[in-house]
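Here are my notes from a pass through this one.

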Amino acid sequence: MRNNGRVTSATRQPETPASPTFSTVPPSSAPLERGHHQEQGGTPILPPRLIATDLDGTLLRDDKSVSPRTVAALAAAEEAGIEVFFVTGRPARWMDVVSDHVHGHGLAICGNGAAVVDLHGGPGAHRFVKVRELARENALDAVRLLREAAPGTVYAVEQTYGFHQEPAYPKLHMEVPDLLRPAEELLGPDGPAADEPVLKILAHHPTLDPDAFLTLARLAIGDRANVTRSSPSALLEISGPEVSKASTLALCCAERGISHEEVVAFGDMPNDIEMLTWAGRSYAMGNAHPDVVAAASGRTVANNDDGVAVVIERLLAEHS
């Protein structure tokens with residue numbers, strides 16, 4: 001990923017606390033070809049009111065650009081009254097790649113659901129609207145359990161404004177960490193930046209297969225945290241127990257009176273699976289992980305072929 005610089009803001013704490021609970025509804029499985037006049041199981045396919053799209057490997061091309069076709073499709077969706085939410089594992093400080101394409105509400109879901117961010121301020125001036133933090137006690141438990149299950153695991157800590165890592169953590173993020181300390185010290189109740197919420201911890205293993213590492217971590221950590229991955233390497237992302245792209249998207253939709261049947265979602269990696277199964281219609285990219293293909297109700301072409309734009313154009317034509 002690209003280096004996007006450090007967030008600075010006069011407001012260090014979130015302005016709206018996160019709701020601790022959420023509910024989801026089982027998704028429908030409408031394929032790409034269905035329109036709002038057709039039915040499945042007697043239930044009408046509703047016109048979309050919100051598009052939720054992942055960024056890396058999904059909306060963005062491999063060079064991290066947003067193609068002119070995709071820019072036009074996003075603008076057309078907003079013009080048609082369909083809200084567009086960027087739902088990503090990226091931290092807020094890496095959102096300049098899409099800041100120029102924010103319309104309407106200007107909100108994005110970052111950190112795999114750990115934060116809802118207002119992008120209207122532009123790079124370096126993002127405002128946290130909602131934060132769903134990882135409790136330090138849970139984070140410390142996760143670090144300990146995964147160290148025991150997978151010796152050699154090293155960690156980084158993502159906070160609302162800071163990024164810290166262990167000295168042995170590899171240079172994966174093309175940015176300079178604020179602090180180099182053992183994870184136990186970074187996450188301790190009296191550690192540095194102890195007054196700043198932890199959004200997620202990152203766990204890297206130098207030799208394990210990525211999917212095997214994910215399975216092992218989920219078994220080891222259990223319900224103390226939510227574990228997923230979006231990288232092609234053995235890099236895991238560990239968030240609060242109830243935190244995912246899907247659960248935070250569900251909260252944002254509930255605030256707007258939008259049902260899951262009115263949501264269309266796009267993704268390519270395991271951290272998108274909950275969102276794809278929750279949304280009424282969902283599309284795995286042509287380059288998606290096999291588990292993502294199995295979870296989605298439809299499939300589109302690869303990110304480098306503007307797969308999100310292809311579906312948006314078709315949806316707008318169907319419902320015009």
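**Notes on the model**

1. Phenylalanine 128 and tyrosine 161 are both buried, where buried means under 20% relative accessible area, exposed means over 50%, and partly exposed is in between (1.4 Å probe, protein chains only). The structure holds 2 aromatic pairs. Phenylalanine 128 and tyrosine 161 make up one of them, edge-to-face, at 5.2 Å centre to centre with 70 degrees between the planes. For the cut-offs: rings of Phe, Tyr and Trp (its six-membered ring) pair if their centres lie within 6.5 Å, with planes under 30 degrees apart called stacked, over 60 edge-to-face, and the rest tilted. Phenylalanine 128 sits in strand β8 (residues 127-131) and tyrosine 161 in the loop between β9 (154-159) and β10 (163-165), so the pair ties together parts 33 residues apart in sequence.

2. A word on ground rules. This is a predicted model, so to speak of local features needs pLDDT of at least 70, while side-chain atom pairs count only at pLDDT 80 or more, and totals for chains, interfaces and linings use all residues. Residues are numbered from 1 along each chain as its sequence is written, and side-chain values use heavy atoms, leaving out hydrogens and water.

3. On the whole protein: there are 10 helices and 17 strands, taken as DSSP runs numbered from the N terminus (helices H or I, at least four residues; strands E, at least two). Of the 320 residues, 55% are buried. Take the contacts (heavy atoms within 4.5 Å) between residues at least 6 apart in sequence: 62% of them join residues at least 24 apart.

4. Now for helix α10 (residues 307-318). Its 12 residues reach 17 Å from first C-alpha to last, close to the 16 Å expected at 1.5 Å a residue; the expected span is 1.5 Å times one less than the number of residues. Which residues of α10 are buried? They are Gly307, Val308, Ala309, Val311, Ile312 and Leu315. These pack against β4 (50-53), α1 (55-59), α2 (68-79), β15 (263-267) and β16 (281-284).

5. Two backbone spots to look at. Asparagine 112 has a positive phi, near 60 degrees, without being a glycine. Asparagine 112 is in the loop between β6 (107-110) and β7 (115-118), and counts as buried at 4% relative accessibility. Alanine 193, also not a glycine, has a positive phi of about 55 degrees. Alanine 193 is in the loop between α5 (183-187) and β12 (198-204), and is partly exposed, with a relative accessible area of 26%.
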